[in-house]
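Subject: Handover of a structure

Dear colleague,

Please find below the structure that I am passing on to you. My notes on what was found in it follow directly after.

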Amino acid sequence: SREHGRGAGENLNPPALSLRLGRTVLRENDAAQSGAACDEALQLPEIPADGQALDLVYVFDRADREADESLLLSTFVSSGELDRQYSALAPEEATPKEVWVGWTPPGSDLADRAGRIVQFYVVLRDGRGGASFARLPVCVRAR
């Protein structure tokens, strides 16, 4: 839900975040703990620990911002390597705007056959103090 941010006036936080890893939509799961063994009951997307890069995809939408606001998407991960941490939408840019951040999952030396939970931490901030946050887990498993 959009709540009031700390900026001046009636600034609203950007809406809840929705990202994809490749073609898979990522979902929040508070029961998933970073670094823990994967649990089938959590129903997390499975990623092979093969070193093949995947794209973390976000689409900036008109509903994400108020008039004349810039947006900054910050992405972090508990394991593996991101190509970059930041993606932006300038006030004059049209929406929708799709951005990709390459992620190389950890190799099989860090993920065994039981699998390990890896968390993506994503923050979307507007230019007036509004923010949304998501913690999106996946299971990285050696084949």
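The largest cavity is lined by L19, L56, V57, Y58, L73, T75, V99, W100 and V101. A cavity here is a set of points on a 1 Å grid over the protein atoms alone where a 1.4 Å probe fits but cannot get out, and lining residues have an atom within 4 Å of a point. The space in the largest cavity is about 30 Å³, and the structure holds one cavity of 30 Å³ or more. Such a volume is the space filled by probe spheres set on the points, which are joined across faces, edges and corners. Strand 4, strand 5 and strand 8 (97–104) each contribute at least two residues to this lining. By type, the lining residues divide into eight nonpolar, one polar and no charged. In this count Ala, Val, Leu, Ile, Met, Phe, Trp, Tyr, Cys and Pro are nonpolar, Asp, Glu, Lys and Arg are charged, and the others, Gly among them, are polar.

Please note that this is a predicted model, in which local features need pLDDT of at least 70 and side-chain atom pairs count only at pLDDT 80 or more, while totals for chains, interfaces and linings use all residues. Residues are numbered from 1 along each chain as its sequence is written, and side-chain values use heavy atoms, with hydrogens and water left out.

The sheets come next. Strands are DSSP runs of E with at least two residues, numbered from the N terminus, and two strands pair if DSSP finds at least two bridges between them. In general, strands of a sheet pair through backbone hydrogen bonds, either parallel or antiparallel.

Strand 1 (residues 19–21) is joined to strand 2 by two bridges in the antiparallel sense, and R20 stands opposite V25 in strand 2.

Another open sheet of five strands has the order 3-10-9-5-7, and its pairing is mixed. Here strand 3 and strand 7 are the edge strands, each pairing on one side only. Direction ignored, neighbouring strands of this sheet are turned by 25 degrees against each other on average; the axes behind this angle are lines fitted to C-alpha atoms, and angles run from 0 to 180 degrees between N-to-C directions. Strand 9 (residues 116–126) and strand 10 run antiparallel and are joined by 10 bridges, with V140 in strand 10 as the bridge partner of R116. Strand 5 and strand 7 are also antiparallel, over four bridges; L72 has A88 in strand 7 as its bridge partner. Strand 7 (residues 86–89) has S87 and L89 on a covered face, and Y86 and A88 on an uncovered one.

How many disulfides does the structure hold? There is one, a disulfide being a pair of cysteine sulfur atoms within 2.5 Å. C38 and C139 form the link, with their sulfur atoms 2.0 Å apart. C38 belongs to the loop between strand 2 (24–25) and strand 3 (46–48), and C139 to strand 10 (residues 131–141), so the pair links distant parts of the chain, 101 residues apart. The link is right-handed, with 110 degrees about the S-S bond. Both C38 and C139 are buried, where buried means under 20% relative accessible area, exposed over 50% and partly exposed in between, with a 1.4 Å probe and protein chains only.

Some backbone details deserve a mention. Most residues other than glycine have a negative phi, and most peptide bonds are trans. Q43, not a glycine, has a positive phi of about 55 degrees; Q43 lies in the loop between strand 2 and strand 3 and is exposed at 70% relative accessibility. D68 likewise has a positive phi, near 60 degrees. D68 is in the loop between strand 4 and strand 5 and counts as exposed, at 69% relative accessibility. A cis peptide bond, with omega about 0 degrees, joins T95 and P96, and P96 is found in the loop between strand 7 and strand 8.

Finally, R62 lies in the loop between strand 4 (54–60) and strand 5 (71–77). R62 is exposed, with a relative accessible area of 68%. From C-alpha to C-alpha, R62 and G35 are 35 Å apart in space, and 27 residues separate them in sequence.

With kind regards

How values were computed:
On a 1 Å grid over the protein atoms alone, a cavity is a set of points where a 1.4 Å probe fits but cannot get out, and a pocket is an open set with protein on both sides within 12 Å along at least five of seven lines; lining residues have an atom within 4 Å of a point.
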